Amino acid sequence: MSRLGRLLDRVRSRLGRDRHTGRVHADRDESFVVFLIGMRINAFWKVHRWLPVFLVAPRMVRELRADDDAGLLGSWTFLSPPRGIGFVQYWEDFESLRAYARDSDHLHLGAWDDYARQSETGAVGIWHETYRVDADSYETVYNNGPPRGLGVAAGTDLVAASGRERSAAGRLDGEDDPLPRDA
C-alpha cells in the first residue's frame, strides 16, 4: 500500500472513532500522575537550536506508546501559538515517569543532555509540571463529543454522567447539585 493510502486509512480510522458520546465521565479506581511538558521557541532564527528539541519530543511519545510497560497511560499534544508546543500525559505513577526520564536506553536522557549543553543560548525553553492525583480527587465530563485526556487513558472506564454524577460537584464530592436546563 502506498504512503498516501496508509495516511488516508489513518485519517478515516480516526474520523470513524470520533463519535459523540452523549454525556459520560472518566472513572478510575487508582491514583495517577498528570505530567504537562512543553517547549517555547525564544529565537525563531536559531532553528538549529530549537528544531532538534521540536523533533525529538514526538519521537519520545511514540517510544512510550510502543512500550506497554513504560507506565504511560495516554498523551495528547497541544499547540500554543506562535511559540509553543506541549504534551499532556497521564502516567500510572511518578516512579514510572522518573524511570523513563533517567533510562539511558530511551530517548529522553540523551535529548535532555543535548538540550542542557546548549541551553545557555536561550534559544528554546523547556517547562514541565507534575501532579499526583488521588483516585477520588478529580472530575471529568465529555458531553456530545469524544472523550479526551483521562477519558481515553489506559485503565479508565467511561460511565454515564447521570444522576448525582451529572454535575462537577456530584462527580467530585458526591453532592446533589442539579444543573440548570441540562447544561
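1. Helices (H or I, at least four residues) and strands (E, at least two) are DSSP runs, numbered from the N terminus.

2. A word on the basis: this is a predicted model, where local features need pLDDT of at least 70, side-chain atom pairs count only at pLDDT 80 or more, and totals for chains, interfaces and linings use all residues. Residues are numbered from 1 along each chain as its sequence is written, and side-chain values use heavy atoms, leaving out hydrogens and water.

3. Now to H3 itself: Ser96, Leu97 and Tyr100 are its buried residues. They lie on the same side of H3, because their arc around the axis is only 100° (taken from the directions from the helix axis to the C-beta atoms). Glu95 and Arg102, on the other side of H3, are exposed.

4. H3 (residues 94–102) packs against H4 (residues 107–118) at an angle of about 60°, and their axes are 5 Å apart. Tyr100, Ala101 and Arg102 of H3 meet Leu107, His108 and Leu109 of H4, contact being heavy atoms within 4.5 Å.

5. Of its 183 residues, 33% are buried.

How values were computed: Axes fitted to C-alpha atoms, helices over the stretch in contact; angles between N-to-C directions. Buried < 20%, exposed > 50% of the residue type's maximum accessible area, 1.4 Å probe, protein only.
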